[in-house]
Amino acid sequence: MISLPRPPATNLLRLLFLGLSTLASPSRAQLELHVPAGLSRLQAVEGAEVVLPVWYTLQGEVSSIQGSKVFLIWLFKQEGKEQIQVLSRFNGNTTSNSPRVSLLYPKPSWNVSLHLQGLQETDSGSYSCSVNVLDSQNTVRDSGVKTLELNVLVPPAPPSCRLLGVPRVGTNVTLSCQSPRSKPAAQYQWERPPPSPQVFFAPVLDATHGSLRLTNLSTSMSGVYICKAHNMVGSARCNVTLEVSTGPRAAVVAGAVVGILIGLGLLAGLVLLYQRWGKSLEEPANDIKEDAIAPRTLPWPKGSDTISKNGTLSSVTSAGALRPPSSRPGALTPTPSISSQALPSSRLPRTDGAHPKPTAPSPAGVSSSALSRMGAVPVMVPAQSQAGSLV
């Protein structure tokens, strides 16, 4: 009997079946890691706890699965830093570098989710779960890695409220509000509570920097102002009291008074200095120098005096007989004294009956009337005879 050849289509189906049978019954275990959909990027609040969900499955012959070992490692990496190991488990022994990090199921399980407690902002980063399947000789038969991203959010810390400026009627002030810590950055809102509720918006409000600018103040604007700092995970508040005054404060008044007193003191000092300076210029012209040289008395030159025939003392015959002292810088010019000048002789009767001769003019052409005006006093001189005896 002759067998007929099979059609080509039958041969192709047979080859495909054999290939599928080979894939369906592998000779070794196959590892596969799983992460729930939508949970590869997680967000959590600082101080809370979070679970990074991961589990694995093994496919293959039962004998190969029963004899395999699983080596688990959790790794952590922050941007700009090196990757570090935070947890590991092998042969049922678990090792962790922080008491805040543990496995969700301590006993060996297909679920290898990581549990983080007491979250901090520094816990933000990438977490990688690495599972390695080992055979009886501790040889890696298969491995798998899954990475999850964690972002730890921080609610705003209590902000600080301040008043910038002097709250007087007609002036401008700025209310400042700033939170020292927030992730993401906080947004700010200013408002007034009852009985005068009011909510502020731009442009007087800067929601990013937390400043509120109040212009042209009036007494009706006095009161409590509340600032609210908030982000997606929390909020915090602070308040400041605004008291608008109608006049300058006591400090301003005191400062003005002190300034006026200082100005008056400086003005009085300048006046006194000017008066002393004027007196110092006048005193040198009026003062008499104690060390100035006194004027010298002009001596009577010998041989220049002549005795008149009637016995009276005549005046100096020549003006050249008077020798004035040499002038020196700073010395006073001597004035003729009574003793140094010839006085007009009195008209006394002569003993011999002769008529008296007229009085000779004073030296240097000074008349008797001029000497009288100068305070000269006539002096009586005893008459002498021709023989030289007093009569």
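A disulfide here is a pair of cysteine sulfur atoms within 2.5 Å, and a search of the whole structure turns up 2 of them. This is a predicted model, so to speak of local features takes a pLDDT of at least 70, side-chain atom pairs count only at pLDDT 80 or more, and totals for chains, interfaces and linings use all residues. Residues are numbered from 1 along each chain as its sequence is written, and side-chain values use heavy atoms, with hydrogens and water left out.

**Two terms used throughout**

- Strands (E, at least two residues) and helices (H or I, at least four) are DSSP runs, numbered from the N terminus.
- Buried means under 20% relative accessible area, exposed means over 50%, and partly exposed is in between, with a 1.4 Å probe and protein chains only.

**Disulfides**

- Cys161 is bonded to Cys238, with an S to S distance of 1.8 Å.
- The torsion about the S-S bond of Cys161 and Cys238 is about 70°, so this disulfide is right-handed.
- Cys161 sits in strand E12 (residues 160–164) and Cys238 in strand E19 (residues 234–242), so the bond ties together parts that are 77 residues apart in sequence.
- Both ends are tucked away: Cys161 counts as buried at 18% relative accessibility, and Cys238 counts as buried at 10%.
- The other bond joins Cys177 and Cys227, whose sulfur atoms are 2.0 Å apart.
- Here the link is left-handed, with -85° about the S-S bond of Cys177 and Cys227.
- Cys177 belongs to strand E13 (residues 173–178) and Cys227 to strand E18 (residues 223–231), so this pair ties together parts that are 50 residues apart in sequence.
- Cys177 and Cys227 are buried as well.
- Count the bonded cysteines along the chain and the disulfide pattern reads 1-4, 2-3.
- As for Cys129, this residue counts as buried at 0% relative accessibility.

**Salt bridges**

- Side chains of opposite charge can pair when their charged atoms come close.
- The cut-off used for a salt bridge is a side-chain nitrogen of Lys or Arg within 4 Å of a carboxyl oxygen of Asp or Glu.
- Glu46 bridges to Arg181, and the closest N and O atoms are 2.6 Å apart.
- Glu46 is in the loop between strand E2 (41–45) and strand E3 (50–52), while Arg181 is in the loop between E13 and strand E14 (187–192), so the pair ties together parts that are 135 residues apart in sequence.
- Glu46 counts as partly exposed at 26% relative accessibility, and Arg181 counts as partly exposed at 38%.
- Glu121 also forms a salt bridge with Arg181, the closest N and O atoms being 3.4 Å apart.
- Glu121 lies in the loop between E9 and E10 and Arg181 in the loop between E13 and E14, so this bridge ties together parts that are 60 residues apart in sequence.
- Glu121 is partly exposed, with a relative accessible area of 32%.
- Thanks to shared partners, Glu46, Glu121 and Arg181 are joined into one salt-bridge network.
- Asp123 pairs with Arg100, and their closest N and O atoms are 2.9 Å apart.
- This bridge links distant parts of the chain, with Asp123 in the loop between strand E9 (114–116) and E10, and Arg100 in the loop between strand E7 (93–96) and strand E8 (101–103), 23 residues apart.
- Asp123 is buried at a relative accessible area of 10%, whereas Arg100 counts as partly exposed at 25%.

- Phe76 is buried at a relative accessible area of 10%, and Tyr127 is buried at 3%.

- Two strands pair if DSSP finds at least two bridges between them.
- Strand E6 (residues 84–90) and E7 run antiparallel, joined by 4 bridges.
- Arg89 stands opposite Thr94 in E7.
- E6 and E7 form a hairpin with 2 residues between them, and Asn91 in the turn has a positive phi of about 55°.
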